[in-house]
There are 2 protein chains.
Amino acid sequence: MANQKMQNWLYKRASLTPNRIAFITEEGQCTFAELNKRAVQMAYRFGTLGIKKGDHIAILAKNNLRSVLVINALHYIGAVIIFLNNRLTSYELLWQIKDSDAKMLIYDPTYSDKVNNLKKYNQLLDFFSYDELSDIKQTKVPLQFEIDLESNEAIIYTSGTTGYPKGVMLTYGNHWWSAIASSLNLGLYHEDCWLACVPIYHVSGLSILMRGLIYGIPVVLQESFNPELVNYAIFKRDVTIVSVVSAMLTNLLEDLGTSNYPEKFRCMLLGGGPVPYSLLQECKAHRVPVFQTYGMTETASQIATLAPEYMLKKMGSAGKALFPVQLKIENNEIPTKPGEVGEIVVKGPNVTKGYYNRPEQTEKTIQDGWLYTGDIGYFDEDGFLYILDRRTDLIISGGENVYPAEIETVLLSHEAIEDAGVTGIKHEKWGEVPVAFVKIRDGRNVNEKQIIAFCEKRLARYKVPVSVYFVNYIPRNASKKLLRRKLLELI
Amino acid sequence: MANQKMQNWLYKRASLTPNRIAFITEEGQCTFAELNKRAVQMAYRFGTLGIKKGDHIAILAKNNLRSVLVINALHYIGAVIIFLNNRLTSYELLWQIKDSDAKMLIYDPTYSDKVNNLKKYNQLLDFFSYDELSDIKQTKVPLQFEIDLESNEAIIYTSGTTGYPKGVMLTYGNHWWSAIASSLNLGLYHEDCWLACVPIYHVSGLSILMRGLIYGIPVVLQESFNPELVNYAIFKRDVTIVSVVSAMLTNLLEDLGTSNYPEKFRCMLLGGGPVPYSLLQECKAHRVPVFQTYGMTETASQIATLAPEYMLKKMGSAGKALFPVQLKIENNEIPTKPGEVGEIVVKGPNVTKGYYNRPEQTEKTIQDGWLYTGDIGYFDEDGFLYILDRRTDLIISGGENVYPAEIETVLLSHEAIEDAGVTGIKHEKWGEVPVAFVKIRDGRNVNEKQIIAFCEKRLARYKVPVSVYFVNYIPRNASKKLLRRKLLELI
């Protein structure tokens with residue numbers, strides 16, 4: 001099993017199930033056989049460009065078929081893909097390109113302006129837009145029809161709440177085991193169809209592309225999140241699984257109105273951090289099959305997910321570690337008791353080998369095979385995981401730990417509040433105190449005093465925000481994950 | 001990924017899905033939590049008996065819950081299980097026990113007489129019946145809550161058409177990958193329930209036990225094959241998948257009569273060699289969801305299976321190599337062209353590391369990761385595998401290769417013939433010629449001349465049996481696989 005090899009996943013799918021639909025996008029759909037044929041042609045174009053096995057190639061991709069082709073063609077070459085977040089500034093992009101040792105940037109023409117700006121600053125790098133690629137002739141270079149599960153498929157930079165971002169190395173094996181772990185929990189149905197409206201440059205979206213290949217199911221790939229289009233696909237495209245975060249789920253429910261999803265829609269996979277209880281209640285009322293999940297770039301997506309039979313009984317929990325995976329909670333290196341809060345530590349074949357060119361960070365984060373996530377949570381008496389917060393966002397006030405997510409959950413349960421974020425500010429007496437940022441629903445009205453009174457009823461004194469700022473938006477990244485560190489910039 | 005570790009599968013299941021039903025037997029049913037509790041108790045009894053990690057322990061097991069407990073308890077200890085075929089003679093059992101270095105034999109009390117006979121000949125071995133085990137006190141020895149996928153779970157002796165049997169080593173990883181490979185083809189449904197009426201001392205039955213744990217689905221375990229009980233379980237126990245060989249399938253269809261299986265019964269997994277076309281036609285007429293498969297002990301069960309969408313289009317084919325697996329056909333070390341017959345060669349993480357204490361046999365059989373199966377087949381133009389025969393059963397007649405299975409398929413398509421077997425006998429002029437053995441259906445009537453005339457219409461001259469023997473039964477092993485070498489004993 002050491003150095004486990006396997007045939008290229010697209011190649012194998014094109015051999016096993018050539019006529020099944022692989023991708024459905026706004027441009028149309030294609031089968032595994034068609035996708036494979038076009039990916040091989042694209043790989044031969046990359047051959048002409050001199051891209052070789054082991055090269056680091058950065059891509060600025062949109063959620064579309066051409067990105068899927070580029071990704072699969074790079075797999076055939078054996079190149080490592082640096083997935084760049086298309087919302088980054090030029091400064092941030094240049095930093096990641098340099099840090100990852102990328103020798104080329106391949107980009108969707110949508111980002112031409114951004115890339116033209118990059119060209120001024122990095123004249124060593126090669127740049128090719130998708131449009132330019134189609135003009136390149138094909139050279140029959142050797143392709144990697146067999147992959148080594150230990151080799152890197154991608155490097156993805158984590159948002160990094162402090163300091164510079166770190167490049168998480170993800171192997172084919174990480175993706176493989178993540179897909180298998182997920183299927184052992186969610187099941188795998190012949191009629192399955194997974195919708196990706198989360199970006200493919202994040203592990204949330206990329207993992208869906210991988211699953212499509214491994215499972216042999218169609219992936220509906222949408223350019224961005226639009227609740228109407230997602231709901232349309234669920235009703236009209238026979239989508240059975242959608243990956244979302246809670247902000248997206250709220251929008252989907254709003255758009256859904258009084259309807260219910262069709263029977264065959266079987267999984268709303270809900271990740272991206274703590275979820276307001278009120279939202280879960282609403283899902284229950286609408287019989288939305290929510291599977292709360294917990295994962296991160298370092299675990300190639302899900303590492304814990306609530307099993308279907310506990311969907312209602314353990315609402316708010318992210319479940320238990322998936323079948324091939326282990327998870328524990330530690331407090332000062334000692335495993336916690338049920339109910340006791342500590343740091344979440346994970347181990348398993350879907351866990352990254354480390355950060356690219358960051359041996360110290362890697363050693364600090366991964367000890368004896370266990371990855372210290374920096375996330376905070378606890379187990380209940382039955383061993384179910386509840387996520388509280390990111391350690392790096394922890395507010396320590398008068399010696400007490402304050403978890404912003406707990407306060408946000410309370411704020412979001414207020415009927416007039418549409419979105420909310422909490423962070424800490426310095427305080428002479430207590431060290432830090434929490435402050436709240438809220439976006440009020442259209443047509444609603446509430447003042448600071450009322451919100452504080454609402455919190456006081458539901459939270460211990462030291463957890464109540466000292467101030468409430470009324471804002472037009474709450475800063476979230478492309479995956480709709482709350483960017484707490486950006487809240488203070490709003491003031 | 002090297003030395004991949006995972007939590008003990010039963011332990012993990014008892015943690016993830018404690019209240020799901022794990023096994024349904026004639027004695028009753030039990031959940032994963034109950035099974036786990038009792039397996040741990042049994043492991044502590046083994047602790048008292050001094051069984052340690054790495055010990056080789058032989059078992060003479062029936063398909064029942066106590067066997068399942070013993071197997072899982074031995075997993076917890078980390079012992080390697082020698083699965084003995086309960087149809088073997090004392091002589092054969094003693095040989096396998098000695099060859100496998102087993103230090104103890106644990107047996108179902110059904111086999112007391114057989115074991116008492118063994119005791120006379122091997123006084124070094126410890127013997128414990130299931131009844132005796134329940135009286136043994138428990139000692140809290142260290143249990144293997146974590147397993148190494150590279151470590152041996154079992155040794156199973158192959159029927160060995162020539163010479164002495166060989167002990168196939170099967171690791172946890174072999175079982176794991178076999179289960180995953182199967183699920184990527186058959187799917188994995190929350191309502192799945194797999195029926196095992198094939199013996200658990202064969203890989204066909206053992207693999208179902210492993211899948212139950214890995215998938216978290218109930219296994220209906222039946223003591224032996226009885227078509228009425230199998231059909232009852234399909235109709236009344238909500239069984240969705242059954243593993244059979246063609247002789248069993250014939251009986252199931254006879255018992256089924258004019259009924260059809262319920263919609264939720266989704267897979268009749270049909271292994272154990274070539275299948276008469278007439279049987280497949282009958283399945284088609286009855287809308288039985290047959291998945292033809294190909295596998296052997298050395299591949300921890302299935303290695304190729306027909307994908308669902310090709311069930312009817314490629315009737316008679318065993319499909320293609322499962323997702324994590326590779327398969328090729330070679331003739332004198334050269335890969336064959338479509339339609340060209342050769343030896344089937346396989347590679348993948350479910351393939352055994354080799355034969356216990358048989359480095360030469362291992363080296364001969366597994367070359368550069370590829371296992372030479374000795375089985376004969378060909379690919380059609382679309383890459384679908386068709387199995388012809390076991391090489392060791394090949395009849396070479398006048399320089400032409402004659403495949404007994406091909407002749408049997410023809411014989412079985414005769415409406416008066418219930419079962420058939422073909423083998424070669426020496427012939428002065430042609431070297432070897434085929435002879436047929438047939439069992440005639442009750443109330444039917446046909447003579448040798450008519451059968452030969454029937455074959456002459458359907459087969460090239462050199463393939464037509466020179467003689468037809470009318471017999472009361474066709475020799476088959478516990479898995480109903482035809483024992484061609486025993487045919488001549490019938491004359």
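This is a predicted model: local features need pLDDT of at least 70, side-chain atom pairs count only at pLDDT 80 or more; totals for chains, interfaces and linings use all residues.
**Exercise 1.** Find out which way strand 2 and strand 3 of chain A run, and how they are linked.

*Solution.* Start with the ranges: strand 2 of chain A covers residues 21-25, and strand 3 covers residues 28-31. Next, look at the bridges. The two strands run antiparallel and are joined by 4 bridges. One pair to look for is A:Thr25 with its bridge partner A:Gly28 in strand 3.

Now turn to another partner of strand 2. Strand 12 of chain A (residues 219-221) runs parallel to strand 2, with 2 bridges between them. Here A:Ile24 has A:Val220 as its bridge partner.

**Exercise 2.** Trace the open sheet of chain B and name its edge strands.

*Solution.* Follow the order 3-2-12-11-13-14-15-16-17, which takes you through 9 strands with mixed pairing. At the ends you reach strand 3 (28-31) and strand 17 (320-321) of chain B, each pairing on one side only. For a step inside the sheet, take strand 11 (residues 194-196) and strand 13 (residues 241-245) of chain B, which run parallel and share 2 bridges. B:Trp194 has its bridge partner, B:Ile241, in strand 13.

**Exercise 3.** Work out how chain B is related to chain A.

*Solution.* Turn chain B by 180 degrees, with a shift of 0.0 Å along the axis, and it can be laid on chain A with an RMSD of 0.1 Å. The two copies are therefore related as by a two-fold rotation axis. Now compare the contact residues: 100% of those of chain B recur in chain A, and the same surface serves both copies.

Methods: Residues are numbered from 1 along each chain as its sequence is written. Chains are lettered from A and ligands numbered from 1 in the order in which they are written. Two strands pair if DSSP finds at least two bridges between them. Copies are superposed by least squares on the C-alpha atoms of residues with pLDDT of at least 70 in both. Two residues are in contact if their C-beta atoms, placed from the backbone, lie within 7 Å.
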